[in-house]
Amino acid sequence: MKLILFGPPGAGKGTQAKLLIEKLRLPHISTGDILRSEVKNNTDLGKQAKSFMEAGKLVPDSLVTEMVRKRMQSPDLKNGFILDGYPRTEAQAKALDEILEGGIDTAIYLATSEQVVVQRLTGRRVCPKCGTNYHMTNMPPKNDMICDQCQVELFQRPDDNEATVKNRLAVYLKESSAVLDFYKNQGKLEHVSGDLDSEEVFNIISKKIAAL
Ligand code: AMP
C-alpha cells in the first residue's frame, strides 16, 4: 500500500507513521527526517536545504523531488510505504504521480487546528538517538528531558520555536489546499481530525485503511 500522511506541522504525522509501521510493516519515508540527516552530515543537499529549514520555509521542489525520486528506487519499497512530509505543493504531488506511475493508494489528511499545532510543536522534544517525539505536558518522558529508551538528553528542534512554527503554518496554509484538491479530485483523500488524541486518530485511520 502506498500511503501518504498529509497535514500541518504538528498534526501528528510522525506519531501516526510510527504506529502504522508496526501495523502494516511498511517502510516509513519522512522527507523532514531525510533532510535533517543531510544537514547533520553537511552534504551538498544539506548545505542547500539548511537555511530554508531554519527559516521554516519549504526547500525548493526540485531538490526535494530529486531526493524522493532516488529514495523511491529502493527495492525495500516494493510492497509500498508510508510517506510523511511529501508532497507539500501541487508540483510535488504531480511529480510523485509521475515517479510512481499509477500514483498513491490513499492520502490521509490529518486536519488540525492552529491552536493545537502551536501548542504541540512548541512543547515537542525529540530524542537525538531514536527519534521518538515527546511533549513536555501531553507526553512527558519519565525523567526530566531524558529519553525513556535511550537515556540520552532530549532536544528541541530548532524550527520548533514559536516564530518559526508560525512561519511553517503560514507556508502550509498557502500550499495545502492545492494538494488536498489534487487528491480529492482523484477520489483518494481520507479526512481525519488531527486534534484528537493519537490513539483515537490511529483507530480511525486503521478502520479507513481496512475499508479500502
Ligand atoms: P518536517 O519534519 O516534515 O516538519 O519538515 C521540516 C522542514 O523540512 C520543513 O519545514 C521544510 O523546510 C523541509 N521539508 C520537509 N519536507 C519538505 C517538502 N516535501 N518540500 C519542501 N520542504 C520540505
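A residue counts as exposed here when its relative accessible area is over 50%, as buried when that area is under 20%, and as partly exposed in between. Keep those cut-offs handy for the tour, and remember that you are looking at a predicted model.

**Stop 1: helix α3**

Select residues 44-54, which make up helix α3. Color Leu45, Gly46, Ala49 and Met53: these are the buried residues of the helix. What do they pack against? Show α2 and α4 (61-72), and you have the partners of that buried face. Before you leave, step just past the end of α3 to Gly56, which takes a positive phi of about 75 degrees.

**Stop 2: the ligand**

Now select the ligand and bring up the residues around it. There are 16 of them, and Thr31, Lys57, Gly85, Arg88 and Gln92 come nearest. Which helix gives the most to this shell? That is α2 (residues 31-40), with four residues.

- From the side chain of Arg36, an N or O atom is 2.9 Å from an oxygen atom of the ligand.
- At Lys57, look at the backbone instead: a polar atom there is 2.6 Å from an oxygen atom of the ligand.
- At Gly85, a backbone N or O atom lies 2.8 Å from a nitrogen atom of the ligand.

Taken alone, the ligand exposes 480 Å², and the protein buries 96% of that.

**Stop 3: a cis peptide bond**

Go to the loop between β3 (81-84) and α5 (90-100) and pick out Pro87. Zoom in on the bond joining Tyr86 to Pro87: it is a cis peptide bond, with omega about 0 degrees. Most peptide bonds are trans, and most residues other than glycine have a negative phi.

**Stop 4: two positive phi values**

Select Glu101, in the loop between α5 and β4 (106-111). Glu101 is not a glycine, yet its phi is positive, at about 45 degrees. Is Glu101 buried or exposed? Its relative accessible area is 69%, which is over the 50% cut-off, so Glu101 is exposed.

Then jump to Met145, in the loop between β6 (133-135) and α7. Met145 also has a positive phi, near 65 degrees, in a residue other than glycine. With a relative accessibility of 22%, Met145 counts as partly exposed.

**Stop 5: Lys188**

For the last stop, find Lys188 in the loop between α7 (162-185) and β7 (189-193). Its relative accessible area is 18%, under the 20% cut-off, so Lys188 is buried. Which residues is Lys188 in contact with, leaving aside its neighbours within four places in sequence? Select Gly102, Gly103, Ile104, Asp105, Thr106, Ala107 and Tyr183 to see them. Finally, draw a line between the C-alpha atoms of Lys188 and Gly103: these residues are 85 apart along the chain, and the atoms are separated by 10.0 Å.

Terms used. Residues are numbered from 1 along each chain as its sequence is written. This is a predicted model: local features need pLDDT of at least 70, side-chain atom pairs count only at pLDDT 80 or more; totals for chains, interfaces and linings use all residues. Side-chain values use heavy atoms; hydrogens and water are left out. A residue is near a molecule or strand if one of its heavy atoms lies within 4 Å of it. A polar contact is a pair of N or O atoms within 3.5 Å; within protein, one must be able to donate a hydrogen and the other to accept it, and residues adjacent in sequence count only if both atoms are side-chain atoms. Accessible areas come from the Shrake-Rupley method with a 1.4 Å probe; for residues, only the protein chains shown count as cover. Buried means under 20% relative accessible area, exposed over 50%, partly exposed in between (1.4 Å probe, protein chains only). Contact means heavy atoms within 4.5 Å.
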